[in-house]
Amino acid sequence: MMRLLLAVSALALMLAACGDKTATPDASGAADAPAGPAVAAPAGQNWVDVVAATPEGGFRMGNPDARVKLVEFASLTCPHCREFHEAAAATLKSKYVASGNVSYEYRNFVLNGPDYAATVLARCQGASAFFGLLDNFYADQAGWTEPFGRIGKADQEALAKLPEDQAIARMAELGGLADYVKLRGIPRAKFDQCLADPAQLKAVNDLRNQAVNELKLTGTPSFIINGTVQEGVFSWADLETKLQAALR
């Protein structure tokens, strides 16, 4: 699977990013509806700050016993995912997760080599750092992905000949990710350690297999509410309507 991701050319990187979904970052008519009576967070905490890795391989924010459990499968290089994040993140956290009635779990669905490298680096820092790095990668998506488009043909051919674990680390190096993440609290030693860790690479592979083979997801972002895949839901407006219905 990873060899397939690494084979995606730099030119095709962004064109193949998200599948065939159409996302629009518009506001929902449900925006003024309440998220339900608040559930008290642990003393001295806000539910938004309660984060944990899940057995399924994602990172969850919020009340683990929330009556509505939202899961998003998304890619760090997908423009539609970035648009959704920009439209949804603030309201999802402050209104829904903070109420204790909705938990939000993010599971990475990697689509290409640069996505793979960035995903490993974000996940390797653990639950406490993950959502902050997620915000950074989406906010500067065009900036950190652009250098991958300049990787030359000779380097791409050399990458294809490397063992998979070495290839993903070399691609990250060629794409300038070492310098990018260093400015965001990940030193070079940690960069090297994360990209050489078989457990980190396996976790990303397992999540992709879960999305494609178990859940039959065909694009990003995709959403699951209380165990049910939300067909035809691509935008925050669509999703908020579904969340409101689940909260009734």
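Which residue forms a salt bridge with Glu 86, and how far apart are the closest N and O atoms? The partner is Arg 82, with the closest N and O atoms 3.6 Å apart. The structure is a predicted model, in which local features need pLDDT of at least 70 and side-chain atom pairs count only at pLDDT 80 or more, while totals for chains, interfaces and linings use all residues. Residues are numbered from 1 along each chain as its sequence is written, and side-chain values use heavy atoms, with hydrogens and water left out.

**View 1. Glu 86 and Arg 82 in helix H2.** A salt bridge here is a side-chain nitrogen of Lys or Arg within 4 Å of a carboxyl oxygen of Asp or Glu; nine are found in a search of the whole structure. Both residues belong to helix H2 (residues 79-97) and are four residues apart, about one turn of the helix. Helices (H or I, at least four residues) and strands (E, at least two) are DSSP runs numbered from the N terminus. Glu 86 has a relative accessible area of 53% and is therefore exposed (buried is under 20%, exposed over 50%, partly exposed in between, with a 1.4 Å probe and protein chains only).

**View 2. Asp 192 and Arg 188 in helix H9.** The two side chains form a salt bridge of 3.0 Å, N to O. Asp 192 is partly exposed at 37% relative accessibility, and Arg 188 is partly exposed at 40%.

**View 3. Asp 206 and Lys 202 in helix H10.** Their side chains meet in a salt bridge at 2.6 Å, N to O. Within helix H10 (residues 198-214) they are four residues apart, about one turn of the helix. Asp 206, with a relative accessible area of 35%, is partly exposed. Elsewhere, salt bridges with shared partners join Arg 82, Glu 83 and Glu 86 into one network.

**View 4. The largest pocket, with about 210 Å³ of space.** Of its 16 lining residues, Glu 56, Lys 69, Val 71, Glu 105 and Arg 107 are the closest to the centre. Strands S3 (68-74), S4 (102-108) and S5 (222-225) each give two or more residues to the lining, and S4 has the largest share, four residues. A pocket is an open set of points on a 1 Å grid over the protein atoms alone, where a 1.4 Å probe fits, with protein on both sides within 12 Å along at least five of seven lines; lining residues have an atom within 4 Å of a point.

Note on methods:
Grid points are joined across faces, edges and corners, and a volume is the space filled by probe spheres set on the points.
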